[in-house]
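Morning, everyone. I have one structure to go through today, and I will take it a piece at a time. Please have a look at it before I start.

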Amino acid sequence: MRYRRRRPEDTAIRERLRELAAERRRFGYRRLGWMLAREGHTINHKKLYRIYREERLMVRRRRGRKRALGTRAPMVLPGRINQRWSLDFVSDTLSDGRRFRILCIVDDFSRECLATVVDTSLGGVRVVRELERLTAERALPEMVVSDNGTELTSGAVLRWATRRIAWHYIEPGKPVQNAFIESFNSKLRDECLNEYVFSSLAEARTIIEAWRNDYNHLRPHSSLGALTPTEFAALKREQTTPPQEGEIDGGLYL
């Protein structure tokens, strides 16, 4: 009598792996494994690779013109502060022709600009560092929305987001699906970047940060009833804060 090795049942993992691979066609088995781990599936990387190969999910080399394919789940509008943040990059040039980038982060509910990080290079590790700083200052968002840029689909970003937050990638070629940050980017370019010629990176940082503060604290926003983002955020915090002892609530002293 010979011992016959029996592998544990992995039907559920196979089905979920196929679903993720269909949603994220350019993800290899490592990134798909991180996505599975985010959902609570624990699987050895060797077994993951074996299933990945058996299911024929290998990423195929692109040929010809890149096309925006597939769909993404629709998102509901945020109803509170820190429920959803949006990320995107904006590019500009210094007076000597050198290019620099700006990482913009916006709270979709209050429209507050949480950061405008200016540098010549902004990779996934830098994105994570800025998100860590913001979450320490404010709170961890429930969701982050971004496009499928290499910085935002990097291993550093995926590892950071795993089991922390939901990260929603918009459909390639559809920036309208990230409308809040696109609206902010147009204001940043129209009111700041197109108004100045930056002689150095330090000058660009100073001017852009001053504009960000003006945008948050002084500039009225039409969709917020002519309030500034910080005024709107403060108003919503007051509405959700229960009355304290000694304050009036419905005509009664507590």
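This is a predicted model: local features need pLDDT of at least 70, side-chain atom pairs count only at pLDDT 80 or more; totals for chains, interfaces and linings use all residues.

I13, R16, L17, L20 and A21 in α1 meet L32, M35 and L36 in α2. That is the contact between these two helices; now for how they are placed. The axes of α1 and α2 are 10 Å apart, and the angle between the helices is about 120°. An angle of that value makes α1 oblique to α2. As for handedness, the α1 and α2 crossing is right-handed.

Which residues of α3 are buried? In this helix, residues 45–54, they are L48, I51 and Y52. Looking down the axis of α3, you find its buried residues within an arc of 105°, so they line one face of the helix. And what covers them? The cover over the buried residues of α3 includes α1, residues 11–23, and α2, residues 29–38. At the start of α3, N44 has a side-chain oxygen within 2.7 Å of the backbone nitrogen of K46. Just after α3 comes R56, with a positive phi of about 55°.

R111 has a phi near 65°, which is positive in a residue other than glycine. R163 is not a glycine either, and its phi is positive at about 65°. Where do they sit? R111 is in the loop between β2, residues 99–107, and β3. R163 is in the loop between α5, residues 155–161, and β5, residues 166–169. Are they buried or exposed? R111 has a relative accessible area of 18%, so it counts as buried, the cut-off being under 20%. R163, with a relative accessible area of 57%, is exposed.

D119 belongs to strand β3, residues 113–119. With a relative accessible area of 16%, D119 is buried. What does D119 touch, leaving aside residues up to four places away in sequence? The list is F100, R101, R126, L201 and R205. With one of these, R126, the side chain of D119 makes a polar contact of 2.8 Å.

That is what I had. Questions are welcome.

Definitions and conventions: Residues are numbered from 1 along each chain as its sequence is written. Side-chain values use heavy atoms; hydrogens and water are left out. Buried means under 20% relative accessible area, exposed over 50%, partly exposed in between (1.4 Å probe, protein chains only). Helices (H or I, at least four residues) and strands (E, at least two) are DSSP runs, numbered from the N terminus. The arc is that of the directions from the helix axis to the C-beta atoms. Contact means heavy atoms within 4.5 Å. A polar contact is a pair of N or O atoms within 3.5 Å; within protein, one must be able to donate a hydrogen and the other to accept it, and residues adjacent in sequence count only if both atoms are side-chain atoms. Axes are lines fitted to C-alpha atoms, for helices over the stretch in contact, and angles run from 0 to 180 degrees between N-to-C directions. Angles under 35 degrees count as roughly parallel, over 145 as roughly antiparallel, 65 to 115 as roughly perpendicular and the rest as oblique. A crossing is left-handed if the near helix is turned anticlockwise from the far one by less than a right angle, and right-handed if clockwise.
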